[in-house]
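Please look over the model below before reading on. The paragraphs that follow go through it region by region.

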Amino acid sequence: MKNSMIILASSSPRRIEMMKENGIEPVIIKPTCEETLPPGITGEDAVRFLSLKKAFDVEEKIKAGAETEGEFGDICKEAISRGAYIIAADTIVYKEEIIGKPKDREDAYNILRGLSGKEHYVITGVSIVRCGKPEKRSFAEVTKVFFKDYSDDELNAYLDTDEPYDKAGAYAIQGLFGKYVDHIEGDLNNVIGFPWDRIVAEFEKMPKKEYWDVYTIDCVRTGKIVEKGNYSFTGDEYQLAVEAWIMNDKGEFLIQQRSYEVEILPGVWAMTTGRIKSGEEPLYACVREVSEEVGLNFEPEDLTHIYHFVNHSNNMIWDLYLMKWNGDFSELSFQPNEVAQAAFVSEEDLRRMLANDEVYCYPEVYEVLDIINKL
């Protein structure tokens with residue numbers, strides 16, 4: 001989970017804190033959907049229904065935000081590009097009926113007076129939705145809470161604080177009201193914020209698939225999404241890919257030999273290339289590929305688009321970008337399962353290697369070199 005982009009569909013301080021304590025720095029996007037429920041729904045179904053509703057609401061906000069500019073637009077583009085995981089939750093207190101947040105002091109008094117000396121259930125529904133992808137999981141965790149008896153004076157003293165009024169059941173077990181809790185059966189975190197251990201376990205069960213968009217020859221998405229490696233692009237269906245030309249301050253180009261473990265062109269020398277994931281824009285895909293393959297972190301504005309062409313023989317559309325970099329080779333880091341070795345070569349050496357078929361490329365490569373020389 002720590003290597004994934006996590007969107008928390010909540011502004012709850014307790015849930016944010018819980019994630020940060022576990023090494024997750026979530027992006028916070030608060031849902032704004034109506035929290036209405038179908039009539040006659042059970043407690044567990046209610047929280048699952050609402051958590052899923054919140055997750056889908058945030059997913060729609062991300063899709064709309066990706067069409068905009070600015071900081072939020074960049075976050076949304078990244079979320080779609082990386083297939084971010086949206087985590088949404090809803091918690092209720094249940095004692096013969098659903099008990100929500102108190103409307104006012106009188107409502108809070110009636111709720112807590114009715115729970116004094118008795119047990120009740122805290123039910124949290126959690127939904128994990130992968131942004132722009134079909135993967136999702138939803139579950140409910142139940143904790144049984146037993147209260148001690150407390151007097152009206154003790155109850156009114158508690159109601160004089162600010163604590164009860166924004167909480168389901170009108171209390172915070174980790175706060176001032178904790179002294180009136182006799183014991184619990186189940187996960188304490190489920191009562192405080194959400195069931196972290198269960199969230200991690202459910203997250204690990206989610207299939208980590210990658211998807212590709214299907215494009216027209218004019219580079220327009222058709223709306224069709226296919227699973228990586230399980231689809232052949234034929235006819236009028238095309239796949240979009242990017243290639244990064246990384247050039248150092250000596251005018252040399254970075255080439256890398258692909259690992260023999262990769263599925264496509266194992267052992268071949270080539271530029272830094274990659275297929276565009278579903279929902280990803282070419283510019284951001286190129287930034288991601290360079291980060292993943294050679295460990296360089298560029299900003300989108302550091303890239304210059306230099307070429308676009310269609311390879312009809314394999315139904316591939318290519319966008320090429322130039323990245324100028326002045327660092328030292330030792331700063332690069334390669335994934336052993338992706339890259340066997342790498343080197344910077346001069347244009348003269350690159351042309352010689354191309355002529356001897358030592359570097360995998362396309363006929364347009366010489367035109368690309370001429371374009372770079374004119375920049």
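Asp357 sits in the loop that joins helix 9 and helix 10; helices (H or I, at least four residues) and strands (E, at least two) are DSSP runs, numbered from the N terminus. The model is predicted, so local features need pLDDT of at least 70 and side-chain atom pairs count only at pLDDT 80 or more, while totals for chains, interfaces and linings use all residues. Residues are numbered from 1 along each chain as its sequence is written, and side-chain values use heavy atoms, with hydrogens and water left out.

Asp357 is exposed, with a relative accessible area of 67%; buried means under 20% relative accessible area, exposed over 50%, and partly exposed in between (1.4 Å probe, protein chains only). Although Asp357 is not a glycine, its phi is positive, at about 55°. Most residues other than glycine have a negative phi.

Glu347, Leu350, Arg351, Leu354 and Ala355 of helix 9 meet Val365, Tyr366, Leu369, Asp370 and Asn373 of helix 10, where contact means heavy atoms within 4.5 Å.

Another non-glycine residue with a positive phi is Asn315, at a value near 55°. Asn315 belongs to the loop between strand 14 (303–311) and strand 15 (316–324). Is Asn315 buried or exposed? At 8% relative accessibility, Asn315 counts as buried.

Helix 1 spans residues 13–21, and its buried residues are Arg15, Ile16, Met18 and Met19. Seen down the axis, these buried residues fall within an arc of 160°, so they line one face of helix 1; the arc is that of the directions from the helix axis to the C-beta atoms. The face turned away from the buried side carries the exposed residues Pro13 and Glu21. The cover over the buried residues of helix 1 includes strand 1 (6–8), strand 2 (27–28), strand 3 (85–94), helix 6 (188–192) and helix 7 (196–205). Just after helix 1, Gly23 takes a positive phi of about 80°.

Phe194 touches Arg15, Met18 and Met19, and its other contacts include Leu8, Ile87 and Ile199, leaving out residues up to four places away in sequence. Phe194 is also among the residues with the most contacts inside the largest nonpolar core, which has 40 residues. Such a core is a set of buried Ala, Val, Leu, Ile, Met, Phe, Trp, Tyr and Cys residues joined through side-chain atoms within 4.5 Å. A second, separate core of 24 residues includes Phe253, Trp269, Val359 and Val368.

Val58, in helix 2 (residues 43–65), is buried, with a relative accessible area of 0%. Apart from neighbours within four places in sequence, Val58 is in contact with Ile7, Ala9, Ile29, Lys30, Pro31 and Ile86.
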